[in-house]
Amino acid sequence: MTDLHTHILPGMDDGVKTVQEAVEMLRIQAEQGIDTVALTPHYYRNNESVEDFLARREAAWKKLSKAVLGEACPSMILGAEVAWMPDISQWPDLEQLCYQNTKMLLIELPMMPWSAEVFAQLYRIENRRGIMPVIAHADRYFNCQSKRNFYKLLSTGYPVQVSAEAVLRFSTRRRALELLEYCDGLLISDCHNLASRVPNIGPAMAMVEKKLGARMAGEIAAITADILQE
C-alpha cells in the first residue's frame, strides 16, 4: 500500500519534530503494510519562497535518509501539501512542488466557502500548466462547504484524498466510505505524530474491508498506489 500524504519529514511543519520520531513512524507504516510513503510537508507561499522551502526539505530529507539506513522502512518520495492561494496557477516554480517525478500537485483548499476563483485556479493549473491537482483530505471540507460546492469539486474529476481518520471516526465514516467507493478516493493517513495523529492506514483499510468488502479494499489500495504512475 501507498500513503500519499504524511508529515513525517522532521522539523518541516506542525508534524514530526525529530528524526527519531520520524523513523518510528516509518516503522509503524511498514508494520501496517505500507511500502511507499510520500513526504508532503506543508508549503505556505506567504511564509517562504519555494527555493527556501526546497532547501529545508532537502536538508531534512538527507537527515532522515541517513537515519533509516538498515531499517525495515517503506521507500520514500518527496512532495508537498501546497496551500491554495489566489495566484497559485501563476507561480513559475509550481512544478517543483509536485510529487517527485510526476506532474501531480497536492493542494490544500481553503477551509472557508469556496469562490469561483478557487475552481478557476484549479482549472488553470491543469489546463495552462499541465499539472493535475490532487485534493488533500476532501473529507475535511464536508462541513465548511455547501453541497453545491462539494459536488462541483467532485465533478472536476480531480483525484481526492480521504483521511483514514474519517473512515475510523463513526460520525464521518459513511461519507468517507462513499468518497472512496464512488469517487475513486485515495486513502491517506495525513499522519503528524505518534500521539494524536498517528499512522493509521492499516486500521482504516481493515474498516474499509469490513464495510465494503475485500475486493473494494483491494481496488482502493491499487488506485492509491497507481496514481503517481499517471
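This tour moves through the structure from selection to selection and states what is found at each stop.

The model is predicted, so local features are given only at pLDDT of at least 70 and side-chain atom pairs only at pLDDT 80 or more, whereas totals for chains, interfaces and linings use all residues. Residues are numbered from 1 along each chain as its sequence is written, and side-chain values use heavy atoms, with hydrogens and water left out.

**Helix 1**

Begin by selecting residues 19–31, which form helix 1. Helices (H or I, at least four residues) and strands (E, at least two) are DSSP runs numbered from the N terminus. Helix 1 has 13 residues and reaches 19 Å from its first C-alpha to its last, close to the 18 Å expected; the expected span is 1.5 Å times one less than the number of residues.

Next, show the side chains of Glu21, Ala22, Val23, Met25, Leu26, Ile28 and Gln29, the buried residues of helix 1. Buried means under 20% relative accessible area, exposed over 50%, and partly exposed in between, with a 1.4 Å probe and protein chains only. These buried residues pack against strand 1 (2–6), strand 2 (36–39), helix 2 (50–67) and strand 4 (75–78); contact here means heavy atoms within 4.5 Å. After the helix comes Gly33, with a positive phi near 90°.

**Asp13**

Select Asp13, in the loop between strand 1 and helix 1. Asp13 is buried yet has no salt bridge, and the nearest side chain of opposite charge, Lys17, is 5.8 Å away. A salt bridge is a side-chain nitrogen of Lys or Arg within 4 Å of a carboxyl oxygen of Asp or Glu. In assigning charge, Lys and Arg count as positive and Asp and Glu as negative, while His and the chain ends are not counted.

What does the Asp13 side chain reach instead? It makes a polar contact with the side chain of His7 at 2.8 Å, and it reaches the backbone nitrogen of Gly15 at 2.8 Å. A polar contact is a pair of N or O atoms within 3.5 Å; within protein, one must be able to donate a hydrogen and the other to accept it, and residues adjacent in sequence count only if both atoms are side-chain atoms. Leaving aside residues up to four places away in sequence, Asp13 touches His7, Pro41 and His42.

**Salt bridges**

Side chains of opposite charge can pair when their charged atoms come close. The count for this structure is eleven salt bridges.

Select Asp93 and Arg45, whose side chains meet in a salt bridge at 3.1 Å, N to O. The pair links distant parts of the chain, 48 residues apart: Asp93 lies in the loop between strand 5 (81–83) and strand 6 (104–108), and Arg45 in the loop between strand 3 (42–43) and helix 2. Asp93 is buried, at 17% relative accessible area, whereas Arg45 is partly exposed, at 26%.

Then select Arg124 and Glu117, whose closest N and O atoms are 2.9 Å apart in a salt bridge. Arg124 is partly exposed at 25% relative accessibility, and Glu117 is also partly exposed, at 31%.

**Helix 3**

Just after the helix, Gly130 takes a positive phi of about 70°.

Most residues other than glycine have a negative phi. Select His137, where phi is positive, near 30°. His137 sits in the loop between strand 7 (132–135) and helix 4 (147–155), and it is buried, with a relative accessible area of 0%.

Move on to Asp190, which has a positive phi of about 55°. Its loop runs between strand 9 (186–188) and helix 7 (201–212). Asp190 is buried at 4% relative accessibility, and its side chain meets that of Arg197 in a salt bridge (3.0 Å, N to O). Arg197 is partly exposed, at 32%.

**Cysteines**

Finally, select the cysteines. How many disulfides does the structure hold? There are zero disulfides, a disulfide being a pair of cysteine sulfur atoms within 2.5 Å. For Cys73, the nearest cysteine sulfur is that of Cys191, 13 Å away. Cys98 counts as buried, at 4% relative accessibility.
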